[in-house]
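Colleague: Can you open the model and walk me through it? I'll ask as we go.

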Amino acid sequence: MPTVTDAPWHIVRQSSIHNLGVFAVRDIPKGTRILDYRGHKITKAESTRRGNAQLDESAVTGEGAVYLFVLNKRYDIDGNVPWNDARLINHTCNPNCEAQIIRGTIWLIALRDIPEGTELGFNYGFDLETWEDHPCRCGSKNCIGYIVGKEYWPRLRRLLKKRQAAAASLAAPDPEDEASQASASRKRALKGVGKKDKATSGK
Ligand SMILES: [Zn+2]
């Protein structure tokens, strides 16, 4: 007979943040390994290739779908597989779990006690390079407006302030300028690799 702890802590269902989400199916104590981030183990070169392909697709579909996680120096995990429920966990600026690599497994760990029925969320930890491509709609009181690792928040706040001030004082920009800015920003986006940074810092 299975013990209580063999039963899953989570369930997948419709989220108010974005499409599907992952929810606590029962009360989860702080520190629990809730579920692991599953997928294919791939080399860094393959990871870069897939990351760019996923970004290209998300540019077409409008979905922010990059599922690559740093596992170690040599390998990443591509979690874009149907048996990886953790890929459906939404980003939030007010996370109740975080990704940690424990003996080669990427675990989502409860940062606090999580009551049954609560949606799980973690900070994807994207770096500042591609912040404009990832607006955040998590709805948290402390939402900073973009999907960016917390360590970059002070810099992002300064950037946003500067931009606000510039927008207030500037007339319409030169169209040629705008075009070159757009292509530069696309190039930066292609270098981005999604959740990888989070997993690295959780190590
Ligand atoms: Zn947010």
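Colleague: What is the mean pLDDT of the protein chain?
Modeller: The mean is 82, and 78% of the residues reach 70 or more. pLDDT is the predictor's confidence in each residue, from 0 to 100. This is a predicted model, so local features need pLDDT of at least 70 and side-chain atom pairs count only at pLDDT 80 or more, while totals for chains, interfaces and linings use all residues. Residues are numbered from 1 along each chain as its sequence is written, and side-chain values use heavy atoms, with hydrogens and water left out.

Colleague: Which elements have the lowest and the highest mean pLDDT?
Modeller: Helix α4 (residues 196-201) is lowest at 42, and strand β3 (residues 33-36) is highest at 97. Helices (H or I, at least four residues) and strands (E, at least two) are DSSP runs, numbered from the N terminus.

Colleague: Where does pLDDT stay under 50?
Modeller: Residues 180-194 stay under 50, and the model has 22 contacts for them beyond four places in sequence. Residues 197-203 also stay under 50, with 18 such contacts. Contact means heavy atoms within 4.5 Å.

Colleague: Now the metal. What are the protein donors of the zinc ion?
Modeller: They are the SG atoms of Cys93, Cys136, Cys138 and Cys143, lying 2.3 to 2.4 Å from the ion. Donors are N, O and S atoms within 2.8 Å of the metal (3.2 Å for Na, K and Ca); water is not among the atoms, so sites may look incomplete.

Colleague: And how are the donor residues spaced in sequence?
Modeller: The pattern is C-x42-C-x1-C-x4-C.

Colleague: What is the geometry of the zinc site?
Modeller: Tetrahedral, with angles of 104 to 113° among the four donor atoms. Four donors count as tetrahedral if all angles lie between 85 and 135 degrees. The ideal angle for four tetrahedral donors is 109.5 degrees.

Colleague: Is Cys136 buried or exposed?
Modeller: Cys136 is buried, at 10% relative accessibility. Cys143 is partly exposed, at 26%. Buried means under 20% relative accessible area, exposed over 50%, partly exposed in between (1.4 Å probe, protein chains only).

Colleague: Where is His134?
Modeller: His134 sits in the loop between β10 (121-122) and α2 (153-169). His134 is buried, with a relative accessible area of 15%.

Colleague: What does His134 touch?
Modeller: Leaving out residues up to four places away in sequence, His134 touches Phe126, Tyr146 and Ile147. A polar atom of the His134 side chain also lies 3.3 Å from the backbone oxygen of Thr130. That is a polar contact: a pair of N or O atoms within 3.5 Å; within protein, one must be able to donate a hydrogen and the other to accept it, and residues adjacent in sequence count only if both atoms are side-chain atoms.

Colleague: What about Asn123, buried or exposed?
Modeller: Asn123 is buried at 8%. Asn123 lies in the loop between β10 and α2. A polar atom of the Asn123 side chain lies 2.7 Å from the backbone nitrogen of Gly125. The backbone oxygen of Val148 lies 3.3 Å from a polar atom of that side chain.

Colleague: New topic. How many salt bridges does the structure hold?
Modeller: Six. A salt bridge is a side-chain nitrogen of Lys or Arg within 4 Å of a carboxyl oxygen of Asp or Glu. One of them pairs Asp76 with Lys44, the closest N and O atoms being 2.5 Å apart.

Colleague: Why does the Asp76 and Lys44 pair tie together separate parts?
Modeller: Because Asp76 lies in strand β6 (residues 75-78) and Lys44 in helix α1 (residues 44-61), parts 32 residues apart in sequence. Asp76 is buried at 0%, whereas Lys44 is partly exposed at 27%.

Colleague: And how far apart are Glu46 and Arg49 in helix α1?
Modeller: Three residues, which is about one helical turn. Their side chains meet in a salt bridge (2.9 Å, N to O). Glu46 is partly exposed at 22%, and Arg49 is exposed at 52%.

Colleague: Which residue forms a salt bridge with Glu132?
Modeller: Arg163, with the closest N and O atoms 2.6 Å apart. The pair links distant parts of the chain: Arg163 is in helix α2 and Glu132 in the loop between β10 and α2, 31 residues apart.

Colleague: Last one. Where does Arg103 lie?
Modeller: Arg103 is in the loop between β8 (97-102) and β9 (105-110). Arg103 has a positive phi of about 45°, although it is not a glycine. Arg103 is exposed, at 84% relative accessibility.

How values were computed: Four donors count as tetrahedral if all angles lie between 85 and 135 degrees; four count as square planar and six as octahedral if opposite donors are over 155 degrees apart and all others between 65 and 115; anything else is irregular.
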